[in-house]
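I am opening my notebook on this structure and will write down what I looked up, entry by entry. The sequence and the model come first, and my notes follow.

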Amino acid sequence: MSQATKTKFLESGPFHQALKSRVEGYFQESGRTKRDQPAMYLKTAVLLGWFAASYSFLLFGADHALEAVLGCVSLGLAMAGIGFSIQHDANHGGYSERRSVNRAMSWTLDLLGASSYVWSWKHNIFHHSHPNVVGLDADIDIQPFCRIAPGQRLYPAHRFQHLYIWMLYGLLAVKWNFVDDFKDVITGSVGRQKMPRPAGWKLAGVLGGKLFFFSWALLLPLLLHAWWQVVLGYAFTSFVLGVTLATVFQLAHCVQEADFPEVPTTGGPFPREWAVHQVETTVDFARGNRVLCWYLGGLNFQVVHHLFPRVCHLHYPALSRLVEETCREHGVRYRVQTSVREALGSHVNWLKRMGRPEPLESVS
């Protein structure tokens, strides 16, 4: 049993009950369905078409260095868009009412080179259960290279982490492709958390997904281009993908306005209910940017996503108003960054703060 399943929150209180009631009321009054949105199917076609066009251009049409660079940027951004929207909703069960459709769409993550099986444990179970809790949320663990939370160990190099962390973000996709998924499957763990080792068809799915990714990303290009061109193209595309994914994920949690609770030392439950924990460890950003909202798959409405992950992200803008109103009525802090620039600034300032020694308290 993982530590996350043994560390509990207080029972659901008036705040969470009011949230669920208002969200259910929204769907009843509007007549809209939580999943299977026609606009989501259209968006899926657009994102997959963007991916296919970028890949085809790189494979058959890019004759010059500048064209190859632009093609890699386009492919990396298309892959990130698939990760933000299609696989994210599907792996949470928020894409469709039909399990088979969710499973098929969740495989778009394997298309990107990361295992949907491992990700469902790392993200759905461990991250969503205890966001920003050191030891339970692997998303904030970049030790020993960076210090993201107060409960993590500080090293001298962390003083400069706000400068070099972007290079580490750029390696995210490469680590997924070649290291993390294989390591997690072999060890049966994600960070300090235990997960079931896949067997049978699940293991075949993990390995089959990797084989499919390496085939289109490396083997097929090697048949048409010089090996060094393929390696450079893969490296640059992966860097664009990694920086885009990691930055967006960090802007929602690793900023000055988010809380970083610690595991209760008494062995008892956390001192607040689950819904309050989700809100106070999460920050929205750039909610008024319609283009960004479309591209990020609602991840800039991260508070709503953490409270209702099984709802299609196309509903997040409307639901965010209900959530913010409920938070205000119940005295729960709901925090929003007005722009990407503001969110990035808060993230950088937080990295600087975590890279410095904590000031000693004065002794009276």
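**Entry 1: helices H8 and H16**

At roughly what angle do the axes of helix H8 and helix H16 cross, and within what distance do they come? I kept in mind that this is a predicted model, and I found that the axes of H8, residues 161-170, and H16, residues 340-354, come within 9 Å and cross at roughly 115°. Angles of 65 to 115 degrees count as roughly perpendicular, so H8 is roughly perpendicular to H16. I then looked up which residues make the contact: from H8 they are Gln161, His162, Ile165, Trp166 and Tyr169, and from H16 they are Leu344, His347, Val348, Leu351, Lys352 and Met354. Sorting the residues of this contact by class, I noted 7 nonpolar, 3 polar and 1 charged.

**Entry 2: helices H3 and H10**

I turned to a second pair of helices, and I reminded myself that two packed helices are described by the angle between their axes and the distance between the axes. For H3 and helix H10, residues 201-224, the axes come within 10 Å and cross at roughly 30°. Since angles under 35 degrees count as roughly parallel, H3 and H10 are roughly parallel to each other. On the H3 side the contact is made by Phe51, Tyr55, Leu59 and Phe60, while H10 brings Trp216, Leu220, Pro221 and Leu224. When I divided the residues of this contact by class, I had 8 nonpolar, no polar and no charged.

**Entry 3: serine 54**

Is serine 54 buried or exposed? I located serine 54 in helix H3, which covers residues 38-61, and its relative accessibility is 5%, so it counts as buried because the cut-off is under 20%. A polar atom of the serine 54 side chain lies 2.9 Å from the backbone oxygen of tryptophan 50. Leaving aside neighbours within four places in sequence, I found serine 54 in contact with Gly71, Ser74 and Leu75.

**Entry 4: salt bridges**

How many salt bridges does a search of the whole structure find? The search finds 15, and I looked at several of them in turn.

I began with lysine 34 and glutamate 24, whose side chains meet in a salt bridge at 2.6 Å, N to O. Lysine 34 is in the loop between helix H2 (14-30) and H3, whereas glutamate 24 is in helix H2 itself, and the two are 10 residues apart. I noted that lysine 34 is partly exposed, with a relative accessible area of 23%, and that glutamate 24 is also partly exposed, with 34%.

Next I looked up lysine 175 and aspartate 180, whose side chains meet in a salt bridge at 2.8 Å, N to O. Lysine 175 is partly exposed with a relative accessible area of 39%, whereas aspartate 180 is buried with 14%.

I then went to aspartate 259 and arginine 333, where the side chains meet in a salt bridge at 2.6 Å, N to O. Aspartate 259 lies in the loop between helix H11 (227-253) and helix H12 (274-280), and arginine 333 lies in the loop between helix H15 (316-330) and strand S4 (335-337), so this pair ties together parts that are 74 residues apart in sequence. Aspartate 259 is buried, with a relative accessible area of 18%, while arginine 333 counts as partly exposed at 42%. I also noted that a network of salt bridges links Asp259, Arg272, Glu280, Arg333 and Arg335.

**Entry 5: backbone details in loops**

Which peptide bond did I note as cis? The bond from glutamine 143 to proline 144 is cis, with omega near 5°, and I found proline 144 in the loop between helix H7 (116-129) and H8.

I also checked phi at aspartate 36, which is near 60°, a positive value in a residue other than glycine. Aspartate 36 sits in the loop between H2 and H3, and at 22% relative accessibility it counts as partly exposed.

Alanine 286 likewise has a positive phi, of about 50°, although it is not a glycine. I placed alanine 286 in the loop between strand S3 (283-285) and helix H13 (290-295), and at 3% relative accessibility it counts as buried.

Technical notes. Residues are numbered from 1 along each chain as its sequence is written. This is a predicted model: local features need pLDDT of at least 70, side-chain atom pairs count only at pLDDT 80 or more; totals for chains, interfaces and linings use all residues. Side-chain values use heavy atoms; hydrogens and water are left out. Axes are lines fitted to C-alpha atoms, for helices over the stretch in contact, and angles run from 0 to 180 degrees between N-to-C directions. Helices (H or I, at least four residues) and strands (E, at least two) are DSSP runs, numbered from the N terminus. Angles under 35 degrees count as roughly parallel, over 145 as roughly antiparallel, 65 to 115 as roughly perpendicular and the rest as oblique. Contact means heavy atoms within 4.5 Å. Ala, Val, Leu, Ile, Met, Phe, Trp, Tyr, Cys and Pro count as nonpolar, Asp, Glu, Lys and Arg as charged, and the others, Gly among them, as polar. Buried means under 20% relative accessible area, exposed over 50%, partly exposed in between (1.4 Å probe, protein chains only). A polar contact is a pair of N or O atoms within 3.5 Å; within protein, one must be able to donate a hydrogen and the other to accept it, and residues adjacent in sequence count only if both atoms are side-chain atoms. A salt bridge is a side-chain nitrogen of Lys or Arg within 4 Å of a carboxyl oxygen of Asp or Glu.
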